Amino acid sequence: MLRCLGVLRCLSLWCRGALLLAVVVGSGAASAQVSGRQTAAAPPTGKTGSQTPGQTPGQPPGQQPHAEGAPQLGIAAVVNDEVISVFDLVSRIRLVMLSSNIPDSPETRQRLAAQVLRSLIDEKLQLQEAKRQSVTASDQELNKALDQIEKQNNMKPGQLNEFLKSRGLDRGQLVDQMTASIVWAKLVKRQAAQSASISDDEIDEALKRVKEHAGEPQSRVAEIFLAVDNPAQDGQVRQVAERLTAQMKQGARFSAIARQFSQSATAAVGGDIGYVRPDQLAPELAKAVATLRPGELSPPIRTGGGYYLLLVLDRRTGGAGTGAQEPIFDIVQVVFPFPAQANEAAKRGALAEAEAVRGQAKDCDAMRKFSKEKASRLSSEGKLSASQIAPEMRKVIETMPIGQVSQPIVQKNGVGVIMVCGKTAGSTGGISRDDVAETILRQRFDTLARRYLRDLRRTAYVDVRA
């Protein structure tokens, strides 16, 4: 299913860069307390309950009670013998809202607080396990991850630090996320190395099924998975799923939410699992996909392991295994974003900037210059196969001459113009044995990572105070 993503890249979770900013929060399940044995020194004493230490009465979790910029010294949670501060929680909530295009308000912070705190707890558990196993992230690996964020967002070297500073965001939060992702990938890879290898019979059987169903309709689906580790969590996790659904219906990007909160390996690519047939999905998921139109989001779907949110991106008849050539487009996109709660004047201003680019950009080099200098936040460039492009956008791109700027395209988060710099036939759509082996491995890694983190939660002492 995930043929475009190499196994090693699946494990390299620092590739979870959001379109705006890379945020790699691994879990979205809210929990008041994770019970289990105490594995370290007793936690510091302090007030527990629904009110966070340092929080004024009636104030939503995640909202700063002090003057703007003042540090918060309260304890949000204790994980074994380590503390997550209220300041850590507030900083991460701000980072999540920025990367997901979620408007900043006290109500939104309150809704996000529980699921973001759970993510911080999971990160802390991963870092503690890495320390126990003597697994570390080198400076070179961290620098590579941060450099990749800058490249993905068309930033110059060092511009990421300026971006964070200008918005009052804590760089340490991003570094902590990168570190946890890198060491967790290494831990899961180490565990997977102890598993049995994939047999030729498994690959043969999978290829046989692909050929048998080659002509059937396929849906390109993106997923967000929220695990339910025990039945007592069911109601809490469902609430998280419903809140995420509401946020996406209000404009939050599915891919960014998936990168931050999904507990599936596909979080690394914004939840995109590629084109799938109904027989490749669990029955309850296949049934839901059949009822959705492209661009439509499902309600929370309960499965044996937890809750899914599904987004159908596209549909096609047949595809994989047919040997058909799929065109690849080299594209530059310049997007001028709308500010939060943009009025008509702001939208007209973004439209005017897009028109100006359209009038001035004569070639792809000029478009790339505009992308980096005038609209680096949401702009992008690169090569995409036809199936990787949203259907509405694909219709525009397929009819565009090479080197010509498109008419301004109004999107949810801004106004953009596109130039096609080149078009190639691309590789065949057939599936190789390596593709099949990669898919099977990805599924195994996904299952292993979930089980590993679940076991860490069950044996940890976690006292949530926020």
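Trainee: What should I keep in mind before I start?

Mentor: Since this is a predicted model, local features need pLDDT of at least 70, side-chain atom pairs count only at pLDDT 80 or more, and totals for chains, interfaces and linings use all residues. Residues are numbered from 1 along each chain as its sequence is written, and side-chain values use heavy atoms, with hydrogens and water left out.

Trainee: How do I read a sheet, and in what order do the strands of the open sheet stand?

Mentor: Strands of a sheet pair through backbone hydrogen bonds, either parallel or antiparallel. Here helices (H or I, at least four residues) and strands (E, at least two) are DSSP runs numbered from the N terminus, and two strands pair if DSSP finds at least two bridges between them. The open sheet has 3 strands in the order 2-1-11, with antiparallel pairing. Strand 2 (82–85) and strand 11 (462–464) are at the edges with a single partner strand each, so one side of each has no neighbour in the sheet. On average, neighbouring strands of this sheet are turned by 20° against each other, direction ignored.

Trainee: Which residues face each other across strand 1 and its partners?

Mentor: Strand 1 (residues 75–79) is joined to strand 11 by 3 bridges; A77 has V464 as its bridge partner there, and V78 has D463. Towards strand 2 there are 4 bridges, again antiparallel, and V78 stands opposite V83. The hairpin of strand 1 and strand 2 has 2 residues between the strands, and N80 takes a positive phi near 55°.

Trainee: What about strand 3: which strands does it pair with?

Mentor: Strand 3 pairs in the antiparallel sense with strand 6 (residues 306–317) over 11 bridges, where A227 is partnered by G306. Strand 3 also pairs with strand 4 (residues 272–276), antiparallel over 4 bridges, and A222 stands opposite D272. Of the 11 residues of strand 3 (residues 217–227), 10 are buried, so it too is largely enclosed by the rest of the structure.

Trainee: How do I read the packing of two helices?

Mentor: Start with the axes: they are lines fitted to C-alpha atoms, for helices over the stretch in contact, and angles run from 0 to 180 degrees between N-to-C directions. Angles under 35 degrees count as roughly parallel, over 145 as roughly antiparallel, 65 to 115 as roughly perpendicular and the rest as oblique. Helix 7 (residues 200–212) and helix 14 (residues 433–459) pack at about 105° with axes 9 Å apart, and are therefore roughly perpendicular. Contact means heavy atoms within 4.5 Å; the residues making it include I203 and L207 of helix 7 and V436 and I440 of helix 14.

Trainee: How many residues of each class does that contact have?

Mentor: Ala, Val, Leu, Ile, Met, Phe, Trp, Tyr, Cys and Pro count as nonpolar, Asp, Glu, Lys and Arg as charged, and the others, Gly among them, as polar. The contact of helix 7 with helix 14 has 6 nonpolar, no polar and 5 charged residues.

Trainee: At what angle do helix 2 and helix 9 cross?

Mentor: The axes of helix 2 and helix 9 (residues 254–261) cross at roughly 150° and come within 9 Å, so the two helices are roughly antiparallel.

How values were computed: Buried < 20%, exposed > 50% of the residue type's maximum accessible area, 1.4 Å probe, protein only.
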